Amino acid sequence: MLAKMMTCHVHNDQKDVFSYKQQHWAALAHVDGFIGQLGGWNLEQQEEAFVFGLWENEKSYQDFMKHTHDSIFYKSGQRSTYHHLHVDLSKQAVTQGGRYNFFRSSAIESRYMMVTTCQIREGQPFTVKELTDQLTHSNYRCLFHTAAPVTPETLTIVSLYSVAVPDKTADQLLHPAVSSITQHLYKLERNWLVLKDPS
């Protein structure tokens with residue numbers, strides 16, 4: 001599974017326009033190999049948007065980038081609404097169920113997204129479940145996790161929550177394999193959600 005994580009820094013007076021143009025990516029629903037995409041605004045840095053997408057494999061993603069991406073991107077006119085874009089790809093993303101075992105049902109119900117980036121110590125063993133268990137806030141409905149290794153030293157965990165904004169949980173992660181952690185919370189925009197057309 002391939003995960004794509006995009007961080008956009010948006011001009012403050014362009015946030016509404018950016019949000020509207022993000023809806024052009026609904027066209028992804030009909031692309032072979034696409035699973036789903038969702039995103040929203042950073043609750044603390046309100047000019048930062050984060051968009052998270054899942055693909056079945058690298059080949060389907062690369063076919064999309066070669067044949068379809070530019071058409072959607074240039075028609076949307078979204079480039080004029082942000083001043084910086086950073087993209088991370090993970091070609092070995094894995095999912096870990098929370099309340100739900102499937103991304104689709106989790107994405108539909110989710111209202112908030114917690115993004116945790118862990119720096120991993122070389123040679124220290126760990127499992128994704130060990131990390132997600134420590135990161136999950138017991139007082140909130142955590143629906144689903146995706147663990148996306150970006151480099152051998154960097155692991156990003158995207159956790160989906162429903163209903164109420166969770167408290168940050170970085171201080172709960174006390175694993176010998178993790179040397180440092182950064183964590184951000186995003187309020188999801190419902191009209192940015194795109195899921196594979198099941199038909």
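Biologist: Which residues touch the most other members of the largest nonpolar core?

Modeller: This is a predicted model. Its largest nonpolar core has 21 residues, and V10, F18, L28, A49, W55 and F64 touch the most other members. Two or more residues come from each of β1 (2–10), β2 (34–42), β3 (48–55), α2 and α3. The largest contribution, four residues, is that of β1.

Biologist: What other core is there, and which residues does it include?

Modeller: There is a second, separate core of 19 residues; among them are L38, A107, V158 and L195.

Biologist: With which residues is F18 in contact, leaving aside its neighbours within four places in sequence?

Modeller: F18 is in contact with C8, V10, W41, A49, Q78, T81, Y82 and W192. The criterion behind each of these contacts is heavy atoms within 4.5 Å.

Biologist: What makes the buried residues of helix α3 lie on the same side?

Modeller: In α3 (residues 69–76), the buried residues are H69, I72, F73 and S76. They lie on the same side of α3 because the arc that they cover around the axis is only 95 degrees. An α-helix has 3.6 residues a turn, so residues three or four places apart point the same way.

Biologist: What covers that buried side, and what does the face turned away from it carry?

Modeller: The cover over the buried residues of α3 includes α1 (15–22), α2 (58–67) and β4 (82–90). On the face turned away are the exposed residues Y74 and K75. Just after α3, G77 takes a positive phi of about 70 degrees.

Biologist: Why is V87 called partly exposed?

Modeller: The relative accessible area of V87 is 37%. Buried requires under 20% and exposed over 50%, so a value in between is called partly exposed. V87 therefore belongs to the partly exposed class. This residue is found in strand β4.

Biologist: How do you know that L89 is neither buried nor exposed?

Modeller: L89, also found in strand β4, has a relative accessible area of 31%, so this residue is partly exposed as well. L89 is in contact with L2, A3, K4, Y61, P149 and V150, leaving aside its neighbours within four places in sequence.

Definitions and conventions. Residues numbered from 1 in each chain as written. Predicted model: local features only at pLDDT ≥ 70, side-chain atom pairs only at ≥ 80, totals over all residues. Heavy atoms only, no water. Buried < 20%, exposed > 50% of the residue type's maximum accessible area, 1.4 Å probe, protein only. Arc of directions from axis to C-beta. Core = buried A, V, L, I, M, F, W, Y, C linked by side-chain atoms within 4.5 Å.
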